[in-house]
Amino acid sequence: MDYPRDTEAGIVVNRRKFLGLISAVSLMSPSWLLAAPLSGVSHCQVTHQGGLTRLVLDLAGTVDYQLFTLTGPDRVVIDLHGVAAHLPAGALNFAGTPVRGLRSGPTKTGMRLVLDMHQPAHAVAHLVHLPGGHQRLVVELPVGKAAAMLARHAPKVRPAIIAIDAGHGGKDPGAVGGGKHYEKTVVLGIASALYQQLGRDPRFHPTMSRDSDFFVPLHQRVLLAHQRRADMLVSIHADAAPSRSARGASVYVLSPHGATSAMARYIAESENSSDAYAGVFDKTLSNDDPMVSKVLVDMSMNATIASSLDLGRTVLGHFKQVTRLHQRRVEQAGFAVLKSPDIPSILVEHGFMSNPYDCGRLIQHTHQVELAQALHASIGDYFRKYPVHVA
Ligand SMILES: [Zn+2]
């Protein structure tokens with residue numbers, strides 16, 4: 001197996017190519033050239049008709065992917081995360097297509113496929129959800145008229161702006177574990193890892209409410225997300241409980257009516273007390289704030305909460321692979337930082353600083369990175385379902 005030689009530094013991401021997510025071209029009846037069973041990839045096919053070459057990968061389970069093009073020499077690169085790196089050499093026949101050959105190799109998170117092209121590549125991809133939780137990745141490589149036609153019909157998708165909110169900071173340490181480990185430090189580690197990962201992903205523009213150890217009042221975190229026109233807000237926390245045995249991660253979204261559990265109320269109250277450190281009382285839900293009062297009776301708030309719940313469930317799905325869950329369902333409570341009327345927002349408690357086992361893991365860089373990867377994958381899933389189109 002020929003391992004791809006592309007180094008990270010050598011990769012120039014072609015955003016426009018990636019962003020041209022399109023629907024399948026149903027007019028063409030493809031003639032299957034080959035079908036080979038693969039480990040991780042259950043089925044792989046190549047077709048070529050009417051100037052359009054399609055590479056179809058059937059995948060067991062749900063995956064995350066990135067696609068980009070490179071020049072000198074011309075290549076199309078597909079990174080599949082969470083897929084076993086196995087693809088039989090020489091299995092696919094690209095005769096008569098703009099593809100010279102296919103290479104594959106393992107990456108840290110799965111497999112990289114590299115299509116070596118005869119000519120500068122146009123490439124678009126989309127995922128189709130199949131029954132049984134399987135997915136089909138369709139990569140389309142149009143040339144000539146087909147390329148022009150696809151470009152005309154492609155909806156204009158733009159990168160999603162992700163507001164990453166590292167909780168607490170500065171004079172507000174947040175939860176304290178073992179007498180010396182601060183939540184503000186742990187969450188900055190996770191937030192920074194997520195910022196770096198999203199920054200390397202052409203689908204996203206990350207922005208942070210704080211990138212070092214300083215205090216940001218809760219209402220200002222919401223304001224920053226709005227000023228930066230965020231499409232999503234992810235607030236990153238680690239919690240504490242009176243019982244040292246409480247452990248595991250939880251995901252919260254806003255409840256306009258009250259907390260779903262006593263624990264949710266307790267956590268929300270302790271997180272909301274953050275602004276007391278700056279002498280700022282959280283006014284975002286008080287009735288003298290005209291914007292928010294109006295919003296609370298606005299249907300859009302319900303839609304935003306529904307979107308946030310969807311995102312929250314996705315996060316729990318990815319989190320259970322890297323950590324224990326404290327709550328198996330998304331909790332709802334009145335967190336001040338989640339009160340954006342129109343930005344899907346979640347607050348993630350990544351574990352308990354008050355639990356010695358959780359705290360020991362949370363302070364580890366490797367665990368912070370894997371938590372960030374789970375968030376990254378979740379955000380990817382969410383925006384695949386709800387892409388952000390240019391207005
Ligand atoms: Zn916190």
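User: Is Arg112 buried or exposed?
Analyst: Arg112 counts as buried, because its relative accessibility is 12% and the cut-off for buried is under 20%. Keep in mind that this is a predicted model.

User: OK, and what does Arg112 form a salt bridge with?
Analyst: Its partner is Asp79, and the closest N and O atoms of the two are 2.6 Å apart. Asp79 sits in strand β5 (residues 75-81) while Arg112 is in strand β7 (residues 110-117), so this pair ties together parts that are 33 residues apart in sequence.

User: Is Asp79 buried or exposed?
Analyst: Asp79 is buried, with a relative accessible area of 8%.

User: Why would those two side chains pair up at all?
Analyst: Side chains of opposite charge can pair when their charged atoms come close.

User: How many salt bridges are there in the whole structure?
Analyst: A search of the whole structure turns up 12. One of them joins Asp116 to Arg103, where the closest N and O atoms are 2.9 Å apart. Asp116 belongs to strand β7 and Arg103 to strand β6 (residues 99-106), so that pair ties together parts 13 residues apart in sequence. Asp116 and Arg103 are both buried.

User: Which residue does Asp231 meet in a salt bridge?
Analyst: That would be Arg158, at 2.9 Å from N to O. Here both residues are in loops: Asp231 is between α4 (218-227) and β14 (232-239), and Arg158 is between α2 (144-153) and β10 (160-166), so the pair ties together parts that are 73 residues apart in sequence.

User: And how accessible are Asp231 and Arg158?
Analyst: Asp231 counts as buried at 16% relative accessibility. Arg158 is partly exposed, with a relative accessible area of 28%.

User: Are His237 and Glu271 buried or exposed?
Analyst: His237 counts as buried at 4% relative accessibility. Glu271 is buried too, with a relative accessible area of 6%.

User: One more spot: where is Thr53?
Analyst: Thr53 is in strand β3 (residues 52-59). It is buried, with a relative accessible area of 1%.

User: What does the Thr53 side chain make a polar contact with?
Analyst: With the side chain of His48, at 2.5 Å. If you leave aside neighbours within four places in sequence, the contacts of Thr53 also include Val46, Thr97, Pro98 and Leu141.

User: How does β3 run relative to β2, parallel or antiparallel?
Analyst: Antiparallel: eight bridges join strand β2 (residues 41-49) to β3. For example, Val46 has Leu55 in β3 as its bridge partner.

User: What about the turn, how many residues are between the strands of that hairpin?
Analyst: Two residues are between β2 and β3. In this hairpin, Gly50 takes a positive phi near 55 degrees.

User: And which way do side chains point along a regular strand?
Analyst: In a regular strand they alternate between the two faces of the sheet.

Notes:
Residues are numbered from 1 along each chain as its sequence is written. This is a predicted model: local features need pLDDT of at least 70, side-chain atom pairs count only at pLDDT 80 or more; totals for chains, interfaces and linings use all residues. Side-chain values use heavy atoms; hydrogens and water are left out. Helices (H or I, at least four residues) and strands (E, at least two) are DSSP runs, numbered from the N terminus. Buried means under 20% relative accessible area, exposed over 50%, partly exposed in between (1.4 Å probe, protein chains only). A polar contact is a pair of N or O atoms within 3.5 Å; within protein, one must be able to donate a hydrogen and the other to accept it, and residues adjacent in sequence count only if both atoms are side-chain atoms. Contact means heavy atoms within 4.5 Å. Two strands pair if DSSP finds at least two bridges between them. A salt bridge is a side-chain nitrogen of Lys or Arg within 4 Å of a carboxyl oxygen of Asp or Glu.
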